[in-house]
Structure formats: structure tokens, C-alpha cells
Amino acid sequence: MRRLLIRPGGIGDTILALPALECLQADYTEVWVRSDAVPLVRFADRVRSIASTGIDLLGLPEVAAPPPLIDTLRSFDSIVSWYGTNRGEFRDAVGTLRLPVRFLQSLPEEGAGLHAADFFLRQASCDGVAIPRIDCGRATRSNCAVIHPFSGSARKNWPMERFRDLAERLAMPVQWCAGPEEELDGAARFTDLYELARWLAQARIYIGNDSGISHLAAAAGAPVVAVFGPTDPAIWAPRGERVRVVSGKLEEITVEQVLSVVDWLK
């Protein structure tokens, strides 16, 4: 059985879908994800970025899909796709080509009552509690806290001044973490997310917002404190045995609240 799994979405969405993707593993498994998430998929026989495949051209009336793409898609006995669910022209093209595609919703239904990772796992017809894990080898725990004070949306960010206040009050050294485009002097930066995961796995504790990097830290096995505001942690919180969430209106969450969770978790 040759199976293709197509999972678009952000870093956090991809990480939360990892248990479902692994559950769908076949004799030969190929996975297509966003470019920066490619290093995080460790179980597949081949991993490609969605952008490199040309699949976004499929179904566009003014553009012919590349023949090699059609041949590639036809080489699979099964295709499970979270991509194209809301693209009618894409679904029509798939039907015309008679490709063996099963479409899945890319986001949980409102009011589904399930954590997103469990929702994706149920879509894959698997039971249990989904705990995303990224094998980072044997990590030597450092004595440092890692703080990543950013996310994909400013509305999900706890105020920077409170992160700085927290850092000054932690009874351990602090290493700051930022993405390539995020402005933060002295921060550690990684272009490869798997290398970032290996670095995060060594943290004594990780503190961050509702972000893909918080999910990455949890999947790498680091103790995680995640600060949540407008999104529902019952659906979107990082998963792990040593993950704790502080939630509420971001402007009302105090340094003392976060610090008390850090002290309890470490």
C-alpha cells in the first residue's frame, strides 16, 4: 500500500496532527506539509513541502497542472488530504482524475468537545489520547529557562514587558528564542525546526504563548508553561505530561500567576 498524506497549516497544526499522520502510516508513506515543518516528520519514507509539488495549481482553470504531479498522485493507492477541503475547484479536479482521495477537515468543528490532536486522531479512525512526540534523542537537561515571547498573531501575545519581568524573577538563567523575522536582541534563532526542537528538549523549562514553538517544545519533551488568551486551551493547548497552561484575558494575567506555575512545574 502506497499512501500519501497531505497536511497544510501552521507549525502547531502540523504538530497536533502528527499522531494522526503516524496512525495512517502504510507500507510506503509520503507526507506533504508546509516547508518549515518538513524536518519534523520523522516517520515517513519521504517528506516534501506542499509548495514544491505544484498541487496548488490543480483545479485552477487558467493553469494546467504539471503532468508529473498528476503521475505522482496516480502512483498512490490512497491519498488522505487535509488540503483542498474548502477549494471546490480542487475537489472537482480530483474527482475528474478519479484520484483515491479522502478529504478531512483541517480544523476541529466548533463545539466538537475534543482537543484538536484527538479530533485529528479520530479522523484517522484511531482511538486514544493523542500526544504529539518528536524524537530528539537523549537530551541533557540544562539549568536554563527558554522564553519565546511571540506567536503567529499579536493578539495571542502576553505583553513583552511581563515576559521581561518574569525573566528577571526566575531563579535560573534565561535564554530567549525568536524566529528569523522576530525582533529580539540576543535571541537564539534556528532555521531548521528539528534543530530547534533538539535545543528546546534540553531546557529546564520553556515559557511561551499560544504558538507553534510552544507545541514544538512540548512535543520535544520540555516542561512547558503556555500563556493562553483568546484561543481555547481545551482545544489548542500543547500536549504533554509536563505541560501547564495559564489562561485568561492576556492583559489580566499577572507575572505572579505564571511564576507560580513555573515554580510548581520545575
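Which two cysteines form a disulfide, and how far apart are their sulfur atoms? I note before answering that this is a predicted model. I find C23 and C126 paired, with 1.5 Å between their sulfur atoms. My search of the whole structure turned up one disulfide.

Next I asked what the pair ties together. I placed C23 in helix 1 (residues 11–23) and C126 in the loop between helix 5 (116–123) and strand 6 (145–148), so the bond links parts that are 103 residues apart in sequence.

Then I checked accessibility. C23 is partly exposed, at a relative accessible area of 32%. C126, at 15%, is buried, because buried means under 20%.

C136 is in no disulfide, and I read 13 Å to the nearest cysteine sulfur, which belongs to C177. C136 is buried, with a relative accessible area of 10%. C177 is in no disulfide either; the nearest cysteine sulfur to it is that of C144, 13 Å away. I have C177 down as buried, at 2% relative accessibility.

Last entry: cavities. How many of 30 Å³ or more does the structure hold? I count one. The largest cavity contains about 40 Å³ of space. Along its lining I listed I6, I55, L58, L73, I79, F90, V94, L99 and V101. Sorted by class, that lining has nine nonpolar residues, no polar ones and no charged ones.

How values were computed. Residues are numbered from 1 along each chain as its sequence is written. This is a predicted model: local features need pLDDT of at least 70, side-chain atom pairs count only at pLDDT 80 or more; totals for chains, interfaces and linings use all residues. Side-chain values use heavy atoms; hydrogens and water are left out. A disulfide is a pair of cysteine sulfur atoms within 2.5 Å. Helices (H or I, at least four residues) and strands (E, at least two) are DSSP runs, numbered from the N terminus. Buried means under 20% relative accessible area, exposed over 50%, partly exposed in between (1.4 Å probe, protein chains only). On a 1 Å grid over the protein atoms alone, a cavity is a set of points where a 1.4 Å probe fits but cannot get out, and a pocket is an open set with protein on both sides within 12 Å along at least five of seven lines; lining residues have an atom within 4 Å of a point. Grid points are joined across faces, edges and corners, and a volume is the space filled by probe spheres set on the points. Ala, Val, Leu, Ile, Met, Phe, Trp, Tyr, Cys and Pro count as nonpolar, Asp, Glu, Lys and Arg as charged, and the others, Gly among them, as polar.
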